[in-house]
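Have your viewer ready and a selection tool at hand. We will take a short walk through this chain, one selection at a time.

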Amino acid sequence: MLSLDVDAVRAFVMVADLHSFTRAAKALGTTQGAISVKLKRLEDRIGHRLLERTPRSVRLSAQGTAFLQGARDFIAAHERAIAGLTAPPRHFGLGIAAHVAGPEVPSLLSRLHAHDPNLTIEVQLDSSRNLLDLFDQGRLDAAIVQREDDRRDGETLAHERFGWFAAQGFEHRPGEPLRLAALAATCGVRNIATQALDAAGIKWTEVFLGGGSSAVHAAVVAGLAIAPLSYRIAPGGTIDIGERLGLPKLPPSEVVLHSSLTDRRSRAALAALAAAFREHRAPA
């Protein structure tokens, strides 16, 4: 009867998620050579090549793609069994910036739960600035935010492109201030957008302030105002009308993961979190 080594299967899933032997080794607290040995033994055991590796990339083979979901289920079942015997319940505080939270959030939470069923996950949605303050105070274990100009730490997860989004039927009357929908004044995207308008000499007025991205999206879809949004999370039925109205281009930004957890179990959870974000992020 064919049996699988848990550590080898975990190494395969981590390499598949992170597309890198080096990052997988770091997440699992081991070496790249050890990862390679485990994967070679796994491939020999099941009789299929799972990964195609070149000097510049790592990708799944056809057999690896077919095996990946079963491998995830195998690891999740193992973790649930072990957690029920030895692992105490743990709390995981995660902050996600409102301008970052998109359709991948359910997958992030699912991946975290599958990785560690004994996690109690607490999620806070807020501005990047407020979440960074909470993280620096030790009140969050991890935060996924927009890069702030005054700090360069954190792991880059993605690059974001921004535009001026409005409903397709939105009308702006020449000579009137541009009607904006935005988050709170602490929102970095809002501040960048209003500074760009000021620099271009374009008058603006906020006609809608939302307590979260879903409220801002609703105002935009309803035709109340324009909002500076990432292409990734702009609501369906809206368009970028910046060029049509002669609005200044908005600079790109980075989505960054900050974390304070260093133990092996937590590093693996964070690697699963980062991988889920990258996997399910719609291309710009």
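**First stop: helix α8**

Select residues 213-221, which form helix α8, and colour Ser213, Val216, His217, Ala219 and Val220: these are buried. Keep in mind as you go that this is a predicted model.

Now turn the view to look down the axis of α8. Where do the buried residues fall? They lie within an arc of 160°, so they line one face of the helix. The spacing makes sense: an α-helix has 3.6 residues a turn, so residues three or four places apart point the same way.

Next, show what that face packs against. The buried residues of α8 meet strands β7 (162-167), β8 (178-182), β9 (204-209), β10 (227-230) and β11 (238-240). Then step along to Gly223, which follows α8 and has a positive phi, near 85°.

**Second stop: Leu273**

Jump to helix α10, residues 264-280, and pick out Leu273. Is Leu273 buried or exposed? Its relative accessible area is 0%, so Leu273 counts as buried. To see its surroundings, select Leu94, Leu108, Leu112, Ile144 and Leu257, the residues Leu273 contacts once neighbours within four places in sequence are set aside.

For a sense of scale, draw a distance from the C-alpha of Leu273 to that of Glu43: the two residues are 230 apart along the chain, and the separation is 26 Å.

**Last stop: residues 4-61**

Finally, select residues 4-61, where an unreviewed UniProt entry places the feature "domain: HTH lysR-type". In the model this stretch is 62% helix and 10% strand, with its end C-alpha atoms 19 Å apart.

Notes: Residues numbered from 1 in each chain as written. Predicted model: local features only at pLDDT ≥ 70, side-chain atom pairs only at ≥ 80, totals over all residues. Heavy atoms only, no water. Helix = DSSP H or I, 4+ residues; strand = E, 2+ residues; numbered from the N terminus. Buried < 20%, exposed > 50% of the residue type's maximum accessible area, 1.4 Å probe, protein only. Contact = heavy atoms within 4.5 Å. Arc of directions from axis to C-beta. UniProt positions renumbered as here; feature names shortened; annotations may be inferred.
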